[in-house]
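Please keep the sequence and the model in view while reading.

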Amino acid sequence: MKDLEAKALPTELYLPFVESLFKNRGTLWTGMVVHILSCAIIYATTGSRFYILSIGLFLAIFSYRIYWFRRFDMLDRAGLSKKEIESWEMRYVHGAAATAFLLGINSAYAVLVLRDMLAAFMCIAVTMASMVSIVGRNYGSARAVGLQTIGCCLPLVIACLMTGELYLALISLFLIPFGLTTQSMARGVREFLYENVLASREMARIADQFDIALSTMTHALIMLDEDGRVQVINRRACELLELPDADELKGAAFITVLRRSGKSLSDDILRKIGQLSGGHAGKTLLCLKETVYLEFSLSHRTDGGVVMLFEDVSARVAAEEKILHLVRYDTLTGLPTRGYFAELATRHLKETGGELLAALVIFDVDGFKHVNDMQGHVIGDKLLASIAERLRGAATENVIVARLVGDEFVILATGSDRHELEQRISSIQMAVQGVYSVDRTDLPVLLNCGGVILDSREFDMEAWQIKADLALNDAKSVGNGMLTIFRPEMDARYVAEQRLKADLRNAIEQGELNVVYQPMYRPDGSEMECCEALVRWSHAERGFIGPAIFIPMAESMGMISQITHFVLDRACRDCASWQNGMAVSVNLSIHDLKGGQIVAKVAETLERYDLTPDRLHLEVTESCFMDEPVVVSATLGQLRESGVTIAIDDFGTGFSSLSYLDSLPIDIVKIDRAFVREIGTEPRRLKLLSGIVHLSRELDLKIVIEGVETFEQLELVKKHRFADLVQGYIFSPPIPANAIVELSNKTTSGRRMAARQSRREKNAEPRAFGTVG
């Protein structure tokens, strides 16, 4: 830093340097006394009146300087501009320079005019002493130092040179480096002080920023020295720990302050904070009060001290606990979820220990889907909450209860006796079952239960639940509040079922299923008008697998639509080869009707085999309408508009069957075999069948009766005109596609022969038509 002149200094730094010029009044008074006294002594010894004049001038200069010193003291310097500061510097410089020049002139006069050794020595001594004081008093102004140095030295050098004495002239020239050295020293002092002023200002700025940061930061901060005493503590730390003002704590032992002021802190909390302050622990979460949590983190300093940062994380902990509660507990029933139940069960069995038995039992609400469908999901949810409450109340102290999924609940019970465990489970089941009143609606509830009882030391949630599910499936197959405990043979049956599912998947993907057809005849047997396509599966090892087994299995596997597409394709292909415009009927499931993709599939298949839509009948059961009435109705409407005939299959076995006849787009009613059975011996059954037929005909629906197996049933159907078509073993069982052609030809030949028979044969018993295949 080579230039510290006024022009180079910013105002806020220029002012302190000028202020330093006006500060030291003691040297000013001392110097003035010495100057006047030295002049008086010289006057007394030499009698030169020149020094009397000098005394007067010194007094005048001194008065000038004192005046401006006092004015400067009274000045409000905060608002001074740079130009105003410079004018004050010049006032000081003028007085100081005048004093220096007067000293130099006195010395020159003594050397050149008086040529008195005592006078010269005294004047030069006072002048040189004043030059020494220039550095200490005038470092703040380069002008003052320069002018005073010149004023003291220049007259003396000139006087020595004018004496004509060579050695005196040479000695006087040494004043030049002395003056330069004085200026250099003053400059060095000025630069040093300037850098220190800058550093002080920077430190003050940093300190202010640090203080603001400490005061406003959301984290609490405490800095301790190696002895555990507080060096820095911010306001937030005092608030969280309920400590006095931060200024009162500096230098105090931190743990002592905590023990004295932290009234709400327990001994355990104080111990843990002490470990932190001693640097013996890392990041720690502490609970100061019931709902107040502080998270501390610690870092070590190189001087042996520590820095503790901590914050109030109560909101975060509360949110985490809420999320954890939502994960662990079911929002509807308040019971533990499956995952948390597994944790609770594992922990409970470890704590219990010993050679105990444990029972894992799953409770399933029988017919709960019907409650949702008929009463709505709000009632269903309230019912589940009521069941959970009763289940919680029925469970004893050593029983853990949870909601598994949907309408399934699970419990874990322990005991030393298997029979006693079964009795406890049965008593819980009986206590929970019964009538529930929900929104003034009485709902009877039965629980099907499946459980497993094994050694508690072998507990495995996944494996035990599989066994309990197997037992539950067995209980649900019986229904009506059945309780089943797992048996080893259920495992084997489950494995066999999984193997059969794998084989079914392979059979579907490889096209190994077969399609057979059961004809539908006119009641008099004169003509075969349609055939129902039925899928069959011949297993390589187990032989024939009934549709009642593999169709539900395919539905559970999500592969029923693949079977439908296979049967649809095979049926349309075979129907295209049949003569006389005979139709084929294909069954659809609810999975086929969702989404509407079946409409495009049917159109594509009919086009591929050049088959007219009227030769394809599609059959749906009443259960399809119950599950998705709007979607199913819309899809069937599109199919019917394309010319395909729609039939309702197994009519009369579902709920609210009669309403479907009018509201849904159907052409044919296929009356279930249950209405035909025993119509010859049960008048009520005959009347019921007659009513269904009458209503159907009033709605212009075609009627097909299924399951006609005896001549007596056929005669009654013909007598009362119950059907347009008859399907059953009285005419033919399901047969392969190639046998349909042969049977159709035989039927045609029989019809021609019958036309030529005598009327006297009309009362003969009807014979069974061919059973080819």
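Contact here means heavy atoms within 4.5 Å. Among contacts in the chain between residues at least 6 apart in sequence, 64% join residues at least 24 apart. The model is a predicted one, in which local features need pLDDT of at least 70 and side-chain atom pairs count only at pLDDT 80 or more, while totals for chains, interfaces and linings use all residues. Residues are numbered from 1 along each chain as its sequence is written, and side-chain values use heavy atoms, with hydrogens and water left out.

The chain holds 29 helices and 21 strands. Helices (H or I, at least four residues) and strands (E, at least two) are DSSP runs, numbered from the N terminus. Of the 773 residues in the chain, 45% are buried; buried means under 20% relative accessible area, exposed over 50%, and partly exposed in between, with a 1.4 Å probe and protein chains only.

The sheets come next. Strands of a sheet pair through backbone hydrogen bonds, either parallel or antiparallel. Two strands are taken to pair if DSSP finds at least two bridges between them. Leu224 has Val306 in E5 as its bridge partner.

Another open sheet has 5 strands in the order E7-E8-E6-E11-E12, and its pairing is mixed. Its edge strands are strand E7 (399–405) and strand E12 (483–485), each of which pairs on one side only. The twist averages 20 degrees from one strand to the next. Although E7 is an edge strand, 6 of its 7 residues are buried. E7 runs antiparallel to strand E8 (residues 408–415), to which 6 bridges join it, and Arg403 stands opposite Phe409 in E8. These two strands form a hairpin with 2 residues between them, and Gly406 in the turn has a positive phi of about 55 degrees. Further along the sheet, strand E6 (residues 357–365) and strand E11 (residues 447–455) pair in the antiparallel sense over 9 bridges, with Leu357 opposite Asp455 in E11.

Two helix pairs may be set side by side. Helix H1 (residues 11–21) packs with helix H4 (residues 82–114) at an angle of about 20 degrees, their axes being 10 Å apart. H1 and H4 are therefore roughly parallel to each other: angles under 35 degrees count as roughly parallel, over 145 as roughly antiparallel, 65 to 115 as roughly perpendicular and the rest as oblique. Residues of H1 including Tyr14 and Leu15 meet residues of H4, among them Ile85 and Trp88. The axes of helix H15 (residues 368–375) and helix H16 (residues 377–394) come within 7 Å and cross at roughly 140 degrees, and these two helices are therefore oblique to each other. Phe368, Val371, Asn372 and Gln375 in H15 meet His377, Ile379, Gly380, Leu383 and Leu384 in H16.

Two loop residues complete the tour. Gly481 is found in the loop between helix H18 (461–478) and E12. Gly481 and Val365 are 116 residues apart in sequence and 8.6 Å apart in space, C-alpha to C-alpha. Leaving aside neighbours within four places in sequence, Gly481 has contacts that include Asp366, Gln429 and Leu447. Val644 lies in the loop between helix H25 (629–641) and strand E18 (645–651). Is Val644 buried or exposed? At 2% relative accessibility, Val644 counts as buried. Val644 and Asp614 are 30 residues apart in sequence and 5.3 Å apart in space, C-alpha to C-alpha. Beyond neighbours within four places in sequence, Val644 is in contact with Val602, Leu606, Pro613, Leu616, Leu618, Leu639 and Asp667.

Technical notes: Axes fitted to C-alpha atoms, helices over the stretch in contact; angles between N-to-C directions.
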